[in-house]
Amino acid sequence: MNSTSSPTIAVTAATGKLGQLVVSSLLERGVPADHIVAIVRNPAKAQGLFAPGVQIRQADYNSPEGWDRALAGVQRLLLISSSDLNDRADQHRTVIEAASAAGVELLAYTSLLKADTARMSLAADHQATEKLLTESGVPFVLLRNGWYLENYDLAQALQTGSVLGAAGTGRISAASRKDLAEAAAAALTRDGQAGKVYELAGDEAFSLSELAAELSKQSGKDVQYRNFAPEDYQRTLEGFGLPAPVAQMLVSSDEGVARGELELPNSDLRELIGRPSTSLKEAVASQLAGQQA
Ligand SMILES: NC(=O)c1ccc[n+]([C@@H]2O[C@H](COP(=O)([O-])OP(=O)(O)OC[C@H]3O[C@@H](n4cnc5c(N)ncnc54)[C@H](OP(=O)(O)O)[C@@H]3O)[C@@H](O)[C@H]2O)c1
């Protein structure tokens, strides 16, 4: 892509782990740095994070101020869902309304895998945001992301010899953040994306027992999956000091896993990124290598 043909693409929550990877992936796809806008709530945190030429602009999901400046000249926008679960759909509404006012031509939103049917508690904000998008009139594409492979704290599992959960034998088609960032960059740089709904999940699914077994195999240490009834898991997590709402969200997510909400064979990920997704084996190996480094 050269400067004349490339649309200006903005990424919100660009200081986050996914946002940084999306900006890198856009650059790898040939989007000129000066056609990329990293929207961040804290510019100090963005210092030195992005390649020279990437524009850094400030805006916060919790305030409508600043979004007109942040979106000036932006044709395509990636709205990365907020990590603050308080009134999350309202935070997203701020961005969608600003995108509408700014005449953004395409808004890509990082939703949840199978958001339209999922019943885990996290799905509600994504369903509400998808509805806001439908009502907004802004052309949009949905990137319904499955679980990150990085969600699992393997260091702790190795330390305790246990992976804990309430997911039963439910399977998870997890993908790496990098896979999902590449998918977002692919959708943002393709034409004709308005109205598309991408279900984005890893090529292979695994249960938490299989995760524990892979960790045992690669580390040489005995790690077992311990499955709890939802109310026992809730008590256990709170016993570790987690606030009750966070524990509830984790329990509800595992109940969703048990119902198959995060399993999806043949998702759209492989086609978007043009390669197989990162495997469980590779993810475990890279986390173990990171711990040794
Ligand atoms: N699919 C999954 O397995 C999974 C797992 C975890 C999270 N998620 C979702 O995916 C999103 C991206 O994941 P991630 O790994 O990049 O998460 P992350 O590293 O925690 O980044 C979250 C980003 O959200 C930004 N943010 C939070 N509140 C904001 C606000 N009021 N205004 C503007 N920005 C705000 C944060 O800004 P600061 O950098 O200033 O803190 C940060 O950049 C998360 O926010 C969450 O919604 C998905």
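**View 1. Residues of the shell around the ligand, by class.** The residues of this shell divide into six nonpolar, nine polar and six charged, where Ala, Val, Leu, Ile, Met, Phe, Trp, Tyr, Cys and Pro count as nonpolar, Asp, Glu, Lys and Arg as charged, and the others, Gly among them, as polar. The model is predicted, so that local features need pLDDT of at least 70 and side-chain atom pairs count only at pLDDT 80 or more, while totals for chains, interfaces and linings use all residues. Residues are numbered from 1 along each chain as its sequence is written, and side-chain values use heavy atoms, with hydrogens and water left out. In total 21 residues surround the ligand, the closest being Thr15, Leu18, Lys45, Ser81 and Arg177; a residue is near if one of its heavy atoms lies within 4 Å.

View 2. A polar contact is a pair of N or O atoms within 3.5 Å. One nitrogen atom of the ligand is 2.9 Å from a polar backbone atom of Tyr61, and a nitrogen atom of the ligand is 3.4 Å from an N or O atom in the side chain of Asn62. For Tyr148, a polar side-chain atom lies 2.8 Å from an oxygen atom of the ligand. Of the 890 Å² of accessible area that the ligand has on its own, the protein covers 83%, by the Shrake-Rupley method with a 1.4 Å probe.

**View 3. Confidence along the chain.** The protein chain averages a pLDDT of 96, and 98% of the residues score at least 70, on the predictor's confidence scale from 0 to 100 for each residue.

Key. Polar contact = N/O pair within 3.5 Å; in protein donor to acceptor, adjacent residues only side chain to side chain.
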